[in-house]
Amino acid sequence: MPESLPHHVFTTERGSFCLARCDCGWTGMARRARSQARTDAERHLAAAQGSHGAAPGRPVE
């Protein structure tokens with residue numbers, strides 16, 4: 001997938017678990033804590049942007 005396309009991350013729930021997902025096809029691990037799934041999503045965005053920190057304007061929990 002070309003890197004110029006924006007990544008849109010979101011969380012979804014499956015039973016007792018929450019997963020982070022991205023439009024690029026990436027899926028994070030199933031987590032019981034929603035906050036950890038959001039952190040996985042933030043890390044994915046940071047990696048997609050080529051940085052080592054959080055995505056701009058978005059807090060990491």
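Author: Happy to. Helices (H or I, at least four residues) and strands (E, at least two) are taken here as DSSP runs, numbered from the N terminus. On that basis the protein reads β-β-α along its sequence, with 1 helix and 2 strands. Please keep in mind that this is a predicted model, in which local features need pLDDT of at least 70, side-chain atom pairs count only at pLDDT 80 or more, and totals for chains, interfaces and linings use all residues. Residues are numbered from 1 along each chain as its sequence is written, and side-chain values use heavy atoms, with hydrogens and water left out.

Let us start with the charged pairs. Side chains of opposite charge can pair when their charged atoms come close. A salt bridge here is a side-chain nitrogen of Lys or Arg within 4 Å of a carboxyl oxygen of Asp or Glu, and the count comes to 2. One of them joins Glu13 to Arg34, with the closest N and O atoms 2.7 Å apart. Glu13 belongs to strand β1 (residues 9-14) and Arg34 to helix α1 (residues 34-48), so this pair ties together parts that are 21 residues apart in sequence.

How covered are these partners? Buried means under 20% relative accessible area, exposed means over 50%, and partly exposed lies in between (1.4 Å probe, protein chains only). Glu13 is partly exposed at 47%, and Arg34 is partly exposed at 48%. In the other bridge, Arg31 meets Asp40, with 2.9 Å from N to O. Here Arg31 is partly exposed at 22%, whereas Asp40 is buried at 10%.

Taking contact to mean heavy atoms within 4.5 Å, and leaving aside neighbours within four places in sequence, Gln36 touches Arg31 and Arg43. Gln36 itself is partly exposed, with a relative accessible area of 28%. Its C-alpha atom is 9.1 Å from that of Leu19, a residue 17 positions away along the chain.

Next comes the nonpolar side of the story. A nonpolar core is a set of buried Ala, Val, Leu, Ile, Met, Phe, Trp, Tyr and Cys residues joined through side-chain atoms within 4.5 Å. The largest such core has 5 residues: Val9, Ala20, Cys22, Ala41 and Leu45. Strand β2 (17-22) and helix α1 each give two or more residues to this core. Across the protein, 25% of the 61 residues count as buried.

A disulfide is a covalent bond between the sulfur atoms of two cysteines. With a cut-off of 2.5 Å between the sulfur atoms, the count is 0 disulfides. Cys24 is in no disulfide, and its nearest cysteine sulfur, that of Cys22, is 3.6 Å away. Cys24 is partly exposed at 30%, while Cys18 is buried at 2%.

Finally, a word on confidence. The pLDDT is the predictor's confidence in each residue, from 0 to 100; its mean over the protein is 82, and 74% of the residues reach 70 or more. Over residues 52-57 the pLDDT is below 50, and that stretch has 8 contacts in the model beyond near neighbours in sequence. Where pLDDT is low, the predicted coordinates should not be read in detail.
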